[in-house]
Amino acid sequence: MWLDDELVGEELALFEAWVLGQPEHLAAREETRRWRSMIASALPASEEPPYPDFFNTRIAQAIRDQTPKATVAPEKRRFSWQAILMPLAACAGMVLAFWVGTKSQPKVEIDVAGAPRAIPVEQIIYTPESGVKAELIASQDASAMVIVLDGVRAIPDSTDFSETTYVPVGREFDSTASVETAISDLEAP
Amino acid sequence: MNRRHAIFSAVATALLGVAYPAAAQDDPGKANIGRVSVTVYYATNGDPITAGTKAAAVSKTTEKRLRSEERLNFKSYRALGQDVQPLLRSYESWAQPLKPSDEVLVKFEASSLPTAEMMKLDLEVWFSRKKILKTDARLEGNRPLFVLGPEWRGGRLIIAVALAPKEKPKS
């Protein structure tokens, strides 16, 4: 404290009397005083803290936090029929609007019973292999559609089909088919 | 892995095992909307025995029908093989009438809903593993499609595509 010149009164007098015989202590105090004066000349005497608004706000918040809060009794909600009737009225309004909409729309009835489900168009024939030509014949005599292919590479005679797993005997399906079976299959659950 | 994770994994696996086959079975695209038969005939003006001893004779009705069309008129006919495949609502089907040979293949799929009079198909005919013909065939109940195909052993192959009657339930 003596070095910082903070001793006063009797303590200062007693210490000053003793230190007169201690030159190293005197030199230390002079050095301290010199440093203090140099620092005081370099720094401003006072400086505002940075962001003073923020600083003040934090201080005010800290004060508020330490202040006991007064307990506020929750407001008792009073029962109101309005809270029930409003949603009910909204629902009833929507139902009524939907019902009026269905009644006011003219019913458009389209008879689809006789409408074709597949429109017949000209049959398309495509032969991707070069040199192959196809001719379509609507054969009335055979009661069949016939496509005649020309230019198809012949199957080598060495190819043997005797191992074919199913060779039809008796009737063939090409003369006894019926689309009614397909329809019944389609409509089956 | 703790006990809860183990139980959850077991339950999830069990549900997946039950749900997957059910979902596959419920696929509406696999609905059977008909059956298509593909028959391969051997037509020749020579000796029909060249087709092999297993080649079957053709019914009088079919023979008369084939002979009535000038381009299909041959002296003799033999049936070499037949394959009947379901016509599915959304998926294509392949017929292999000369199984196990894949010399003749027919791919087909429905291109519209069948009517009482007609069924419309997208149809491809493959010979020697090459697509030779693509067409939109309209098959009617008693009106098949004949394709006069490649030469073989002095004759021609005729591919007949027709609607097949409903499969009889197995007793």
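**Entry 1: a strand pair to start with.** In which sense do β5(B) and β6(B) pair, and over how many bridges? I found them antiparallel, with 7 bridges. Strands here are DSSP runs of E with at least two residues, helices are runs of H or I with at least four, and both are numbered from the N terminus. Two strands pair if DSSP finds at least two bridges between them. I looked up one position as well: B:Val104 stands opposite B:Phe127 in β6(B).

**Entry 2: ground rules.** I have to remember that this is a predicted model: local features need pLDDT of at least 70, side-chain atom pairs count only at pLDDT 80 or more, and totals for chains, interfaces and linings use all residues. Residues are numbered from 1 along each chain as its sequence is written, while chains are lettered from A and ligands numbered from 1 in the order in which they are written.

**Entry 3: chain B as a whole.** I noted 2 helices and 9 strands in chain B. Along the sequence they follow the pattern α-β-β-α-β-β-β-β-β-β-β. Chain B has 171 residues, and 42% of them count as buried. Buried means 20 or more other C-beta atoms within 10 Å of the residue's own, exposed means 12 or fewer, and partly exposed is in between; the C-beta atoms are placed from the backbone.

**Entry 4: the sheet around β6(B).** I followed β6(B) onward and found it joined to β7(B) by 10 bridges, running antiparallel. B:Met119 has B:Leu139 in β7(B) as its bridge partner. Which strands make up the whole open sheet, and in what order? I read off 5 strands, β1(A)-β7(B)-β6(B)-β5(B)-β4(B), with antiparallel pairing. At the edges stand β1 (125-126) of chain A and β4 (93-95) of chain B, each with a single partner strand, so one side of each has no neighbour in the sheet. Chain A comes in through β1(A), which pairs with β7(B) in the antiparallel sense over 2 bridges. There, A:Tyr126 has B:Lys134 as its bridge partner.

Entry 5: Most residues other than glycine have a negative phi, and most peptide bonds are trans. I went looking for exceptions. B:Ser128 is in the loop between β6 and β7 of chain B, and its phi is positive, near 50°. The hairpin of these two strands has 2 residues between them. B:Arg129 is in that loop between β6 and β7 too, with a positive phi of about 65°. Is B:Arg129 buried or exposed? I put it down as exposed, because 8 other C-beta atoms lie within 10 Å. B:Ser128 has 16 C-beta neighbours inside 10 Å, so I put it down as partly exposed. I also found a cis peptide bond between B:Lys99 and B:Pro100, with omega about 10°. B:Pro100 lies in the loop between β4 and β5 of chain B.

**Entry 6: the other sheet.** Next I traced an open sheet of 7 strands with mixed pairing, in the order β2(A)-β3(A)-β8(B)-β9(B)-β1(B)-β3(B)-β2(B). Its edges are β2 (133-139) of chain A and β2 (56-57) of chain B; each has a single partner strand, so one side of each is left without a neighbour in the sheet. Here β3(A) and β8(B) pair in the parallel sense over 4 bridges, and A:Ile147 has B:Val147 as its bridge partner. By contrast, β8(B) and β9(B) are antiparallel over 6 bridges, with B:Phe146 partnered by B:Ala160.

**Entry 7: the core.** A nonpolar core is a set of buried Ala, Val, Leu, Ile, Met, Phe, Trp, Tyr and Cys residues joined through C-beta atoms within 7 Å. The largest one has 56 residues, and B:Val147 and B:Ile158 are among those that touch the most other members. Leaving out residues up to four places away in sequence, I saw B:Ile158 touch residues including B:Tyr41, B:Leu66, B:Phe146 and B:Val147. Contact means that two C-beta atoms, placed from the backbone, lie within 7 Å.

**Entry 8: where the chains meet.** How many residues does each chain bring to the contact? I wrote down 69 from chain B and 55 from chain A. On the chain B side, β7(B) gives the largest share, 9 residues.
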